[in-house]
Amino acid sequence: ATLLVLVLALRGQVLGGELAGSFPAEALVGLSMSGRALTMLRVVPHWLRLFAWPAHLQSDYSPQELVASSGIGPAEACGLLLFGAVLAAAWLGRRRAPVASFGLAWCAVLLLPVSNVLVPTGVVLAERTLFVPSIGFVLAIGGLASALWPRIAGKRPAMARYLGYACAAIVVLGIGRSAERQRVWRNEPYFAVRSVQDAPRSFRTQRAYGDLLFALERPEPALEAYRRAIDLSPPALAWRVRNNLARWFRLSGERRQEVVELLASLAAEPAQGDSRGYLVSALLALGQYADAAREADVAVLHGGSAAVFGGLRTLADSAARVGAPPGSIKIGLVTGESRPVR
C-alpha cells in the first residue's frame, strides 16, 4: 500500500499534479467514477483468466472488445462475485494461509492504479499491466498449496502424487504456450496477422491488417479490412481511420476515392489543416477547380494558414480561368511549412 501511494505521488509529480493519462480509453470517455467502476467489473473475469491460464492473448482490447457498462448484467455480476470472493478469501485466510492472503492483497493493491476507478487511463485492459500483479497471484497459489498440501499428502498420498503430475503437466504446457506466443512478435507482418485473428473486433488490428495488405499490393482484401475498421471505430475516431485509408488511395493514384474519404473525415472533424490541404491537392489534380477553391476558403475559416490556402485558392482560380486539363496541376504539401509546391 505504501508503494502504491509512492507510485501515485511520483506519477502526479511527473505529470504536473495530474494523475490521469493524456487521454482516456475510448470505452471510458465521459464516464464518472461509478461508471468506470461498473465497466471495470467486466474486466475482473478477464484478469482472473489471464492470471490463471492465459491461453488466449491479444495485443489490443478495443472498445468493441470491451464496451462500457450501462448497468449490472451477467458480466458485471460475475466480476462483482469474483471480487467479493477474493476479498473474503484474503480476509479468512490471513491466519491459516497468510502467504495466500498476502498474494491476494498484492494483486489488489497493484491492480488499483490500472483499475480506472481512481483515474481513467489509456487502456481498459492491457496484458502488460498484469505482469507485477501476477506475482501476487502466483504467491497466492503457492501459499494455498503449501497450506493444503500436507493434509492431502498425509491422508491421500496417491492423490498427492497425481496432483504433482498434473502440476508438472501444467508447467510444461505453460512453457510451451509461452514459447509459441513469443513467435507472434518476430516481425510486423506476422504480428498484424495474428493480432487480427486474436482480436477481430478491434478497429486497430483491422486497420493494421489493412495496412499490411495494401503494402503487399492486395487492395481488395485491404479495403475490406479498412471498411471493417471504420465500422468498428468509435464515432469520435473513425475520421482518423479514413485519413489512413485516404493516404493509401493517394499513394496508389486513386484520387477520387481519396476525396471521398477525406470529405467524410472532414465532415466529422472539420479543423484538420493537413487533411484539408490533401483534399485541395486531390481536387486540383482531378481538375475540380471550383471545389478546390471552396475547400481552400473553408480551411481558412477553420484556422488554416491564410498564406498557404490563399495561394492554393489563387492557383485554383488561375487553373479554372485558363482551362487547365485535369492532371496538369500537382500539389505537394511540405511538412512543417505546409508550403504549396507546383
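Visitor: What does the secondary structure of the protein come to?
Guide: The protein has 15 helices and two strands. Helices (H or I, at least four residues) and strands (E, at least two) are DSSP runs, numbered from the N terminus. By the way, this is a predicted model, where local features need pLDDT of at least 70 and side-chain atom pairs count only at pLDDT 80 or more, while totals for chains, interfaces and linings use all residues. Residues are numbered from 1 along each chain as its sequence is written, and side-chain values use heavy atoms, with hydrogens and water left out.

Visitor: What does the C-alpha trace span?
Guide: Along its principal axes, about 100 × 45 × 35 Å.

Visitor: Okay, how much of the protein is buried?
Guide: Of its 342 residues, 35% count as buried. Buried means under 20% relative accessible area, exposed over 50%, and partly exposed in between (1.4 Å probe, protein chains only).

Visitor: Switching to residues: where is N116?
Guide: N116 sits in the loop between α5 (98–111) and α6 (131–155). Its phi is positive, about 65 degrees, although N116 is not a glycine.

Visitor: What about E217, buried or exposed?
Guide: E217 has 70% relative accessibility, so it counts as exposed. E217 is in the loop between α9 (203–215) and α10 (219–232), and has a positive phi of about 60 degrees without being a glycine.

Visitor: Now R255. Which helix is that in?
Guide: R255 lies in α12, residues 255–268.

Visitor: Why does R255 count as buried?
Guide: Because its relative accessibility is 19%.

Visitor: Which residues does R255 touch?
Guide: Leaving out residues up to four places away in sequence, R255 touches R250, Y278, S281, A282, A285 and L286. Contact means heavy atoms within 4.5 Å.

Visitor: How many residues line the second largest pocket?
Guide: There are 17, and V7, L110, P113, V114 and T129 lie nearest its centre. α1 (2–14) and α6 are the elements that give two or more residues to that lining, and α1 gives the most, with five. On a 1 Å grid over the protein atoms alone, a pocket is an open set of points where a 1.4 Å probe fits, with protein on both sides within 12 Å along at least five of seven lines; lining residues have an atom within 4 Å of a point.
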